[in-house]
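Me: Could you walk me through this structure, one question at a time?

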Amino acid sequence: MILPALPILIPLITIIFLLFNFQRREWQPWIGLTGALLQLALAIFLAVQVKTQGILVLHTGNWEAPFGITLVIDAFSSIMLVLAGIIAVSVSIYSIDAIDRQRQSFFFFPMVQGLMMGVNGAFVTGDIFNLYVWFEVMLTASFVLITLGGEKKQLNGAIKYVSINLVASLFFLAGIGLLYGKTGTLNMADLALKLSLADNNVLMNTSAVLFFVAFSIKAAVFPFFFWLPASYHTPPVAITALFAGLLTKVGVYSMIRFYTLFFVQDKLFWHPLFLWIGGLTMVIGVLTAASQYDIRKILSFHIISQIGYMIMGLGIFTVAGIAGAIFFMAHNIIAKTNTFLVAGLINRVTGSYDLKQIGGLYKIRPWLSILFIIPAFGLAGIPPLSGFFGKLILISAGFNAGEYVISFVALAVGLFTLFSMVKIWNEAFWKPRPEGVPPYEGENENLPVSMVIPVVFLGLITLTMGFAVKPILEIAMNAAGQLLDPKIYIQAVLGS
Amino acid sequence: MKSYIVQLAAARLLPVTLILSLLVFYRGHNEPGGGFIGGLMAAAGFIFYAMAFDTQEAEKKLRVSPLMLIVAGLSFAFISTLPSLFAGNPFFTGEWISLIIPLLGKLKLGTPLLFDFGVYLTVWGVIVTIIFNVMEE
């Protein structure tokens with residue numbers, strides 16, 4: 001039995017190959033891409049395995065469950081692994097031409113694989129301290145990636161990013177320490193079992209709050225989101241796309257895992273809190289986005305706004321709500337990464353991200369505008385794209401659960417999201433080129449095929465998710481059902 | 001700063017530090033020590049050497065590039081996980097063999113030792129890379 005460890009091992013082996021062939025610059029992208037493709041293939045295989053055989057469990061080192069580190073892949077994990085694989089493949093293809101030689105020769109590809117190792121590790125682990133370790137692996141790789149190249153504005157953004165994330169790690173570690181002191185276990189399933197039997201759950205609230213703050217910072221939830229727009233627009237767009245797709249979502253993943261599996265006692269406190277936080281995150285993210293003129297900043301603020309929907313799904317806490325959150329997360333990871341990749345294409349043509357400098361792209365690049373419309377209107381929630389169904393599922397779950405306020409807020413925020421996307425569309429594609437702006441450098445050059453392929457690939461996934469809602473929603477429902485019944489998870493890990 | 005005394009000391013101390021680091025690494029399984037500390041000590045020997053001479057000299061003395069140390073370390077760590085698969089045990093299970101060596105007694109070898117050796121090499125390579133880069137600035 002090695003299957004659950006493979007999502008971690010494949011990036012590791014890829015790193016070894018990448019470093020071993022470090023002198024052969026031209027091989028680097030291809031080795032990285034091979035590793036990413038293997039990860040995606042493996043993730044799909046694992047998802048099928050989980051579907052047919054139930055939860056996959058591996059007790060590493062032959063140490064039985066509460067004592068050793070357990071790797072667990074349930075339906076939710078397997079969905080996240082597939083999404084991570086898709087993003088890894090897209091970004092690996094995109095970076096062949098989008099990342100300059102200088103950065104490529106300074107460990108860009110090994111670092112991307114390192115990040116993937118951390119992300120995959122966080123998705124498969126069944127141990128809270130091990131989860132912390134994977135967070136650190138992921139963050140260390142992201143620290144290198146965000147500063148890679150060492151431009152002044154990059155370092156400026158990186159300082160905020162690194163310092164706030166270290167604080168979050170501290171909160172996380174403090175929470176783990178307290179919880180371990182009280183329960184004597186780090187295994188998630190064992191914790192769930194112990195906490196469901198314990199009658200003094202009040203004592204767990206300190207840990208629960210510490211975890212909540214830690215994950216909120218990592219997921220960029222209100223009121224802890226300010227580091228994200230301050231840093232995400234500084235590195236090259238391929239790196240931002242990777243971060244936007246995966247990093248915050250690992251925070252959301254952990255939050256959903258923790259607050260469905262073991263912090264389920266104080267429903268009356270946590271669920272309204274999640275709804276409030278989710279609502280505020282949505283509203284503030286979308287309103288601040290409206291005042292921006294840098295494409296990457298608009299998109300960064302939208303990451304925050306969309307995170308609010310996922311938290312809202314967790315706050316509703318019905319099967320439909322959680323399934324909505326999972327569906328929305330899947331849609332968002334794909335579409336968000338894609339919009340950043342398209343922003344990179346716009347930059348390739350015009351040499352700028354500033355909407356005031358860009359215009360008339362529809363005239364010179366009609367195909368590019370179609371590539372932009374799919375993910376952007378997907379994010380805004382225009383039928384028949386994936387975002388529409390994501391929001392529909394969440395909002396109808398909200399109405400069914402009697403949470404009317406948050407559902408109306410979510411509807412209104414959808415409208416504002418549309419406003420932002422239409423704004424990019426109007427400014428960059430529709431309006432004539434601003435006066436006094438010299439002809440764009442890349443105007444007559446063809447876009448590199450390797451940068452277009454991932455955009456088309458992700459766009460097709462967004463379309464597919466829109467047209468094949470039913471089967472995908474069924475997968476999400478299945479995962480949500482598993483999450484809301486912790487007994488299944490506990491039984492799979494601890495047996496009997 | 002080029003002091004003949006320091007250079008002489010560094011050159012003599014280097015083999016001693018390496019042997020000591022290997023000892024610390026080997027006793028690490030049951031007693032204080034291990035791959036991490038051993039790797040740090042091995043790196044310390046070369047850092048002292050680089051302080052006495054310069055980083056180019058130290059890199060020459062190291063013979064392999066620090067990057068290859070890291071690659072070798074990661075590979076050893078990975079290879080150490082494989083025997084458990086062939087033995088049909090869960091991934092990462094420690095597999096042991098005992099060798100009887102005349103005069104020395106029993107030598108216990110196992111995959112945890114191999115893994116730790118990977119840690120030893122990786123830490124050595126990483127620390128040397130970082131410090132040499134900082135020293136060259």
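Reply: Happy to; the questions below go through this predicted model, starting where the chains meet.

Me: Which element gives the most to the side of chain A that touches chain B?

Reply: The contact takes 15 residues from chain A and 13 residues from chain B. On the chain A side, the elements giving two or more residues are helix H1 (6-20) and strand S1 (56-59). The one that gives the most, with 6 residues, is H1(A).

Me: How many charged residues does the side of chain A that touches chain B have?

Reply: Let's go by class: that side has 11 nonpolar and 4 polar residues. The number of charged residues there is none.

Me: Is H9(A) mostly covered or mostly open, and how many of its residues are buried?

Reply: Helix H9 of chain A runs over residues 205-219 and reaches 20 Å from its first C-alpha to its last, close to the 21 Å expected. Its buried residues include A:Phe211, A:Phe212 and A:Phe215, and also A:Lys218. What covers the buried residues of H9(A) includes helices H7 (152-183), H11 (237-261) and H13 (295-316) of chain A. H9(A) is mostly covered, and the count of buried residues is 11 of 15.

Note on methods: Residues numbered from 1 in each chain as written. Chains lettered and ligands numbered in written order. Predicted model: local features only at pLDDT ≥ 70, side-chain atom pairs only at ≥ 80, totals over all residues. Contact = placed C-beta atoms within 7 Å. Helix = DSSP H or I, 4+ residues; strand = E, 2+ residues; numbered from the N terminus. Nonpolar A, V, L, I, M, F, W, Y, C, P; charged D, E, K, R; others polar. Expected span 1.5 Å × (residues − 1). Buried ≥ 20, exposed ≤ 12 C-beta atoms within 10 Å, placed from the backbone.
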